[in-house]
Amino acid sequence: MTDFCSQSLMKISTLESSLPNELYDFIFIYLKSIDIIYSFYNLNDRFTNLVYPFLCAIDLSDVDECALNKHFQTILPKIQHYIKAIKIDDKNLDNVFPLSLYSKIYPNLESVFITRVKKDGKYLSYLKLFKQLLNLKIYFDVGESNEPVSNQFFSNLLQSDCRVQIVVFHK
């Protein structure tokens, strides 16, 4: 049985080394960034270099809480200093951005995209942290009413020390 396992690993290793890097680019198009990182990061030097562009922009939207916790324990501590953009659902804000550790976890974060936001959602309590970003995009839940964005949003975000250059609201 051990001989079979070592032969299988040799076949995988041979396959991996025979494919050109450009082919992996085409394969990665069909995968989520977090899955690419989870599967290929630190596999070997070649794959670490191939997945580097995916380290900068992490899509955590549509990730269930169990998978999100797994990623936080295994992947994110290793790559958090590379992350420049994060896309998340409103319901996962507390997990992805613990208020007390925000600046330590993502020292190079520039952009946040929040999806499925409720008008009275959690995002309002994070605005003082997000004012250090360059880009903030908020995608409101389709079922939400067409009420204007609250004054609390602008008073918390748009202050004299705010760095935000682009704010986009989608309904």
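Contact here means heavy atoms within 4.5 Å. This is a predicted model, in which local features need pLDDT of at least 70 and side-chain atom pairs count only at pLDDT 80 or more, while totals for chains, interfaces and linings use all residues. Residues are numbered from 1 along each chain as its sequence is written, and side-chain values use heavy atoms, leaving out hydrogens and water.

Leaving aside residues up to four places away in sequence, Ile79 touches Ile37, Tyr41, Leu55 and Ile58. Ile79 also turns up, with Ile86, Phe97, Tyr123 and Phe130, among the residues that touch the most other members of the 39-residue largest nonpolar core (a set of buried Ala, Val, Leu, Ile, Met, Phe, Trp, Tyr and Cys residues joined through side-chain atoms within 4.5 Å; buried is under 20% relative accessible area with a 1.4 Å probe, protein chains only).

Now to a helix pair. H3 (residues 33-40) packs against H4 (residues 45-56) at about 155 degrees, with the axes 9 Å apart; axes are lines fitted to C-alpha atoms over the stretch in contact, and angles run from 0 to 180 degrees between N-to-C directions. The two are therefore roughly antiparallel (over 145 degrees). On the H3 side the contact is made by Ser33, Ile36, Ile37 and Phe40, and on the H4 side by Phe47, Thr48, Val51, Phe54 and Leu55.

Ser33, in H3, is buried at a relative accessible area of 9%. Beyond four places in sequence, Ser33 touches Phe54, Ala57, Ile58 and Asp59.

Notes
Helix = DSSP H or I, 4+ residues; strand = E, 2+ residues; numbered from the N terminus. Parallel < 35°, antiparallel > 145°, perpendicular 65-115°, else oblique. Buried < 20%, exposed > 50% of the residue type's maximum accessible area, 1.4 Å probe, protein only.
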